[in-house]
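Please work through the following exercises with the sequence and the structure before you, and try each task before reading its solution.

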Protein chains: 2
Amino acid sequence: MATLSTKADDIARVLEDEIVGGAIAPGTVMRQEQLSERFEVSRTPVREALRRLAALGLVTFEPNRGVRVRSISPGELREAHLVRAELEALATEVATPRMTAADLVLLDEAEQRFSELTLELRDQARRGEARDSSLFVEWMQANYAFHDVIYTAAAMPLVERLAKSARRTFIGDRVWSARAELDELYAKNDLQHRAIREAISAGSAAGARLLAREHVLSSGRLIEVVIEALGSGGSRDPGWGS
Amino acid sequence: MATLSTKADDIARVLEDEIVGGAIAPGTVMRQEQLSERFEVSRTPVREALRRLAALGLVTFEPNRGVRVRSISPGELREAHLVRAELEALATEVATPRMTAADLVLLDEAEQRFSELTLELRDQARRGEARDSSLFVEWMQANYAFHDVIYTAAAMPLVERLAKSARRTFIGDRVWSARAELDELYAKNDLQHRAIREAISAGSAAGARLLAREHVLSSGRLIEVVIEALGSGGSRDPGWGS
DNA sequence: GCGGGCTCCTTTGGATCCATAATAGGCTAT
DNA sequence: ATAGCCTATTATGGATCCAAAGGAGCCCGC
């Protein structure tokens, strides 16, 4: 059997997903032995995987003390959004003249799904129901799916990689599931998606670029508002990265 | 003695510098045992260091075959410059209102040093002397120093990290030391630096932003031209990354 | 009663050891 | 002579082993 991937890489991918998905809370110390018995390997590949996560900025090595999942300070969150705004703007600009009819269909489908989920989310909040965490996850994924269509069309692997790594700042669903009074802000996201879609459809690279930039910046502000509203009450970490 | 850093990190830093500096040619396979005896450690920390380099995109693991220093395709080079243009534009915009008088002095000094080296370089080329590799290295470092002043003032660690990682595309001095007939393009870099400096000095964030963007894009085109002029004659790698 | 220091335990960082995949070279059969 | 197969070598991936740093808890002196 030809080995197509190495244990360290597999483990790194899993842990990466868990951290960016919020399954592992920021501030947690990851015990090597614990991980090694979980993945049924020795500590060696575990440590190599952790090195990779460290290089990606997801964890920090505290020599002789362990690895800790990095938490994001408000400043870092803000900066990450500024970066993502520029990168998405670039990707959208490049993607616009490259979008085929098929791509546009994909974009439409993604937008429609996102729109539906946004409505569902709003209705659920209005009915005062307990917030369904999985619905938020779906909503986020639909949001990402929309942007992914653009990334794919842009065919810019570096931009895609960097921008996606900046997504990790979302810290799972804890941020999004926070408040219901932000309805219209969620809805604004949907409207912005449509605007971007229309600009692309119209072949306006410059317009799509500006809209994409504004969209990311605005969703960044949304997150800041939500976090502000949360105060420190809903977060289990000090909100401070080394 | 308190251990402030780990062997793996030290090794990673050294190798990182060597790769981005071009001391290790793209395409090279890095033998673990060789590295371990060079750094006088076992293969374990070496492998952890290599994992880090892999996460940074500097090398690729080919399972059971070794790690290979990634080479950059023309497309990747182009994309990296587009990214760097956006990030530098952002950093410059943010830095402009934050620049203190002291920062401006630093910027001036960096610019002046860069200017001098540019002239030296031109004169050397005009006299038809054998190109002095170390002079090019100095010139590049002076170029980076100028931009570093801006990064520092911007106080955006993420942007700085990403943009600097995009610098690695320069592949040492092989690119720059290529031709003498590109004098005015080198000089153009200098003029652009001055324009950026003046825009910052005038407090025009938007102007500085545009100038920074154009500057990076233009130097990216310069590199493309140089590589084009080189053909495949001066490069020891196939110019293709996995 | 309390603070400082000493000892033991846990966990990490690193070294060494082992199994296996890839490859190079030789051998055989045609 | 040459193509194909088999073996021996080498380097990697992973496991196990060892030394040392950090911290918790205990003990002793004041």
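In what follows, Ala, Val, Leu, Ile, Met, Phe, Trp, Tyr, Cys and Pro count as nonpolar, Asp, Glu, Lys and Arg as charged, and the others, Gly among them, as polar. The model is predicted, so that local features need pLDDT of at least 70 and side-chain atom pairs count only at pLDDT 80 or more, while totals for chains, interfaces and linings use all residues. Residues are numbered from 1 along each chain as its sequence is written, with chains lettered from A and ligands numbered from 1 in the order in which they are written.

**Exercise 1.** Describe the surface near DNA strand D by class and by origin.

*Solution.* A residue is near a strand if its C-beta atom, placed from the backbone, lies within 6 Å of it. By class, this surface has six nonpolar, nine polar and five charged residues. Of the 20 residues around DNA strand D, those that come nearest are A:Lys7, A:Val41, A:Ser42, A:Thr44 and B:Gln32. Turning to helices (DSSP runs of H or I, at least four residues; strands are runs of E, at least two), the largest share, three residues, comes from α3(A).

**Exercise 2.** Determine the order of the strands in the open sheet of chain A.

*Solution.* Two strands pair if DSSP finds at least two bridges between them. The three strands follow the order β1-β3-β2, with antiparallel pairing, and the edge strands, β1 (29–30) and β2 (59–62), each pair on one side only. Between β2(A) and β3 (residues 66–69) of chain A there are four bridges, and A:Thr60 has A:Arg68 in β3(A) as its bridge partner.
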